[in-house]
Amino acid sequence: MSGTTGTTGTTVVPPPASPKTRAPNRGRLTDPAVGVWLAAAAVTALGWIVVAARGGDFLTLSNVVGILQNCVALGLVAVGQTAVILTGSLDLSVAYLISLGTLVAATTMEGGSVLTAVLAVLALSAAVGLANGLIVTGLKVNAFIATLGTAFILRGWIEDNYTGPAGKVPASFQHLGYDRIGPIPVSLFLLAAVAAAMWLITRRTRFGHHLYATGGDEHAARLSGVRTRRTVIAAHVLCSLCVGAAALFLASRLGAGAPWAGTEARYDLESIAAVVLGGTVLAGGRGGVAGTLGGVLVLAVLDSVFNQLGVDPFFKNVVRGVVIIAAVALYARRGSRRSA
């Protein structure tokens with residue numbers, strides 16, 4: 001009688017499956033965010049062993065502090081990049097925006113107040129993010145081309161107006177880049193605050209659900225009432241604001257504005273690598289901030305290990321590339337298994 005219609009015309013609904021017949025919940029074990037944090041722990045342990053075998057000491061206080069400080073700028077950019085990639089977009093203008101942000105911050109602080117400089121950098125960042133979002137959604141330009149074009153515009157402005165370091169950051173603001181509370185850099189709290197805010201936005205707000213919906217299937221999201229254009233524009237603004245925070249941090253570290261601050265560290269490609277390494281899909285719709293932070297830590301630990309070992313830069317990039325490709329291939333394989 002279960003699942004059939006009797007003579008009375010009523011339908012008998014079958015009982016729910018017992019716990020024994022349900023598929024086991026393996027979400028935690030297969031979550032890319034968990035995997036990348038386990039990978040970060042494994043890379044740290046392996047790095048300690050390799051450096052110790054070469055007669056060095058990897059887990060010293062100064063080295064751990066250096067790793068954490070190196071996570072801050074890349075982490076801020078990568079957290080912002082996560083927002084746009086979740087929508088299926090991306091931002092290649094972040095490196096030049098960081099450079100311009102340090103210059104604006106330092107020159108404004110030299111002739112004005114710190115608060116004015118902070119507001120100026122954030123306003124500049126929001127304007128660039130808004131422009132990127134409008135070009136992508138309004139002019140229907142591919143995000144790769146649109147943000148690359150913005151990067152060239154920013155590069156032209158920098159090269160035309162600056163020939164080297166400019167401005168001066170007051171000592172009071174440099175506390176952000178150098179002070180510590182015990183072994184923890186003060187700047188790490190900035191990254192934690194920005195990451196926590198972005199996690200809450202993406203996971204606990206309607207706008208966050210719209211980010212995932214837009215990246216997962218933009219057409220279906222639009223039919224469901226999601227204003228996808230506004231979502232993409234807002235994601236680009238959020239990304240640029242995170243980049244502005246990274247620019248302020250780097251200005252506090254450098255003590256001045258630097259035209260090469262963002263490009264020398266290749267924050268455009270590095271941030272995308274950290275996001276992808278953390279399990280966020282470039283096509284959008286899957287991933288999150290937690291995995292991105294794990295990806296940032298993996299890259300920072302690898303850099304520290306390579307520096308202590310004196311590894312050739314070419315080999316360093318080869319290893320990093322292999323790690324990223326292997327991680328993406330592993331995520332893709334897990335995804336195909338789930339769909340099967």
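The model I worked from is a predicted one.

**Entry 1: helix α5**

I began with α5, which covers residues 114-138 and has 25 residues. I wanted to know whether its length fits its residue count. At 1.5 Å a residue the helix should span 36 Å, and its end C-alpha atoms are 35 Å apart, so the two values agree.

Next I looked up which residues of α5 are buried. They are A117, V118, V121, S125, V128, G129, N132, G133, V136 and T137. I then asked what covers them, and the cover includes α4 (94-111), α6 (143-161), α7 (171-178) and α11 (228-254).

**Entry 2: K140, after α5**

I moved on to K140, which follows α5 and lies in the loop between α5 and α6. Most residues other than glycine have a negative phi. I also checked the surface: K140 is exposed, with a relative accessible area of 63%.

**Entry 3: the largest pocket**

I looked up the largest pocket and found a volume of about 730 Å³. I counted 26 residues in its lining, and those nearest its centre are N70, E264, A265, Y267 and D303.

Which helices supply at least two residues each to this lining? I found α3 (61-86), α11, α12 (267-277), α13 (289-309) and α14 (313-339). Of the contributors, α13 gives the most, with six residues. I sorted the lining by type and got 14 nonpolar, five polar and seven charged residues.

**Entry 4: C239 and C242**

I searched the whole structure for disulfides and found zero. For C239, the nearest cysteine sulfur is that of C242, 6.7 Å away.

**Entry 5: R266 and helix α12**

I looked at R266, which sits in the loop between α11 and α12. Its phi is near 50°, another positive value in a residue other than glycine. R266 is partly exposed, with a relative accessible area of 38%.

How many residues of α12 are buried? I found 10 of the 11, so the helix is largely enclosed by the rest of the structure. The buried ones are Y267, D268, E270, S271, I272, A273, A274, V275, V276 and L277. Y267 had already come up in my pocket entry, among the residues nearest the centre of the largest pocket.

Just after α12 I came to G279, where phi is positive, at about 100°.

I then looked up L330, which is in helix α14. I recorded L330 as partly exposed, because its relative accessibility is 43% and the class runs between 20% and 50%. How far apart are L330 and G279 in sequence and in space? They are 51 residues apart in sequence, and their C-alpha atoms are 9.7 Å apart in space.

How values were computed:
Residues numbered from 1 in each chain as written. Predicted model: local features only at pLDDT ≥ 70, side-chain atom pairs only at ≥ 80, totals over all residues. Heavy atoms only, no water. Helix = DSSP H or I, 4+ residues; strand = E, 2+ residues; numbered from the N terminus. Expected span 1.5 Å × (residues − 1). Buried < 20%, exposed > 50% of the residue type's maximum accessible area, 1.4 Å probe, protein only. Contact = heavy atoms within 4.5 Å. 1 Å grid on protein atoms, 1.4 Å probe; cavity = no way out; pocket = protein on both sides within 12 Å on 5 of 7 lines; lining within 4 Å. Points joined across faces, edges and corners; volume = space filled by probe spheres on them. Nonpolar A, V, L, I, M, F, W, Y, C, P; charged D, E, K, R; others polar. Disulfide = S-S within 2.5 Å.
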